[in-house]
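Please examine the sequence and the model below. The explanation that follows considers disulfides and then the nonpolar core.

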Amino acid sequence: MGTRLRMLISAVIFASWVLSASGAHYHTHRHHRLEDVALTEEIDRATDDSNALLPADAPDDSGTMPPVGDPSDLPTCLLCVCLTGSVYCEEVDPDMTSVPALPKETNYLYARYNKIKKITAKDFGDIVTLKRIDFTGNIISEIEDGAFAKLTMLEELSLAENQLVKLPILPAKLVSFNANHNKLRTKGIKSNAFKKLSKLSHLYLAHNELEAVPFIPETVRTLHLQNNNISSVTVDTFCKSNNTYYIRPNMNEIRMDGNPVILGQYPTSFICLQSLPIGRY
């Protein structure tokens with residue numbers, strides 16, 4: 001009986017100790033969990049405050065990129081290809097609407113197939129070394145008188161495939177001039193437009209609206225007048241009515257096809273030529 005009583009008392013004491021130890025562990029673990037939660041919340045608040053106080057110039061991926069400068073303001077040699085003495089500005093993007101500023105001592109300018117509208121007297125003011133200019137395929141409708149006045153070395157000029165209705169004063173040393181595919185009429189070409197061009201060899205005025213053949217210098221070898229509105233010619237168009245022995249020695253190609261004129265009706269108009277013009281007979 002005494003032994004059983006002692007065993008019962010020991011069991012009660014052990015059970016009480018176990019319960020006490022479990023409760024202490026639970027409170028300690030819960031305390032640590034609460035500390036962890038508090039630390040996590042403190043970190044989150046610190047992060048939110050840091051984000052809220054970002055400087056105004058901090059990068060923001062949600063915003064748009066700042067605008068860049070207009071590419072047309074770039075130097076010519078960044079928009080075009082510049083080689084020694086040559087500038088190539090062909091089909092420039094963004095659209096080129098005026099003659100670009102050229103490096104000094106430029107000899108050759110190729111500005112084909114752009115949207116150039118006008119050539120002014122200032123465009124070539126400081127570039128006197130030019131020998132060849134090609135403006136084929138633009139929308140040029142006006143060229144100021146004096147635009148080519150200082151180009152004393154210019155030998156080749158192409159204004160083909162534009163919208164010209166008249167021609168400016170041309171440089172005296174031109175060897176080749178091309179104004180095919182424009183809107184030129186006879187009244188838009190001065191009577192002496194080509195008279196002083198003592199070195200002109202190739203003259204291209206095809207696909208225009210000319211009603212008559214302009215004065216042609218004796219130096220010209222190739223003359224293209226096809227697809228105009230020329231309806232007649234005279235003895236003085238190519239020859240000289242007051243000199244039946246006159247021979248035009250240089251002219252070896254004349255194209256007048258695509259005009260309303262019937263060349264066979266003017267047999268005496270070609271007696272000074274080495275070969276007959278191409279056209280309707």
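A disulfide is taken here as a pair of cysteine sulfur atoms within 2.5 Å. The model is predicted, and it holds three such disulfides. Counting bonded cysteines along the chain, their pattern is 1-3, 2-4, 5-6.

Another disulfide connects Cys80 and Cys89, S to S 2.0 Å. Here the torsion about the S-S bond is about 110°, so the disulfide is right-handed. Residues below 20% relative accessible area count as buried; Cys80, at 7%, is therefore buried, and so is Cys89, at 0%.

Cys239 and Cys272 form a further disulfide, with sulfur atoms 2.0 Å apart. Cys239 lies in the loop between helix H3 (235–238) and strand S11 (253–255), whereas Cys272 lies in the segment after S11, so the pair ties together parts that are 33 residues apart in sequence. The torsion about the S-S bond of Cys239 and Cys272 is about -85°, which means that this disulfide is left-handed. Both cysteines are buried.

The discussion now turns to the core. In soluble globular proteins, nonpolar side chains tend to be buried together. The largest nonpolar core has 57 residues, of which Ile119, Phe124, Phe135, Phe177, Phe194 and Phe238 touch the most other members. Leaving aside residues up to four places away in sequence, Phe135 touches residues including Val99, Leu109, Ile119, Phe124, Ile140 and Leu159.

Definitions and conventions: Residues numbered from 1 in each chain as written. Predicted model: local features only at pLDDT ≥ 70, side-chain atom pairs only at ≥ 80, totals over all residues. Heavy atoms only, no water. Core = buried A, V, L, I, M, F, W, Y, C linked by side-chain atoms within 4.5 Å. Buried < 20%, exposed > 50% of the residue type's maximum accessible area, 1.4 Å probe, protein only. Contact = heavy atoms within 4.5 Å. Helix = DSSP H or I, 4+ residues; strand = E, 2+ residues; numbered from the N terminus.
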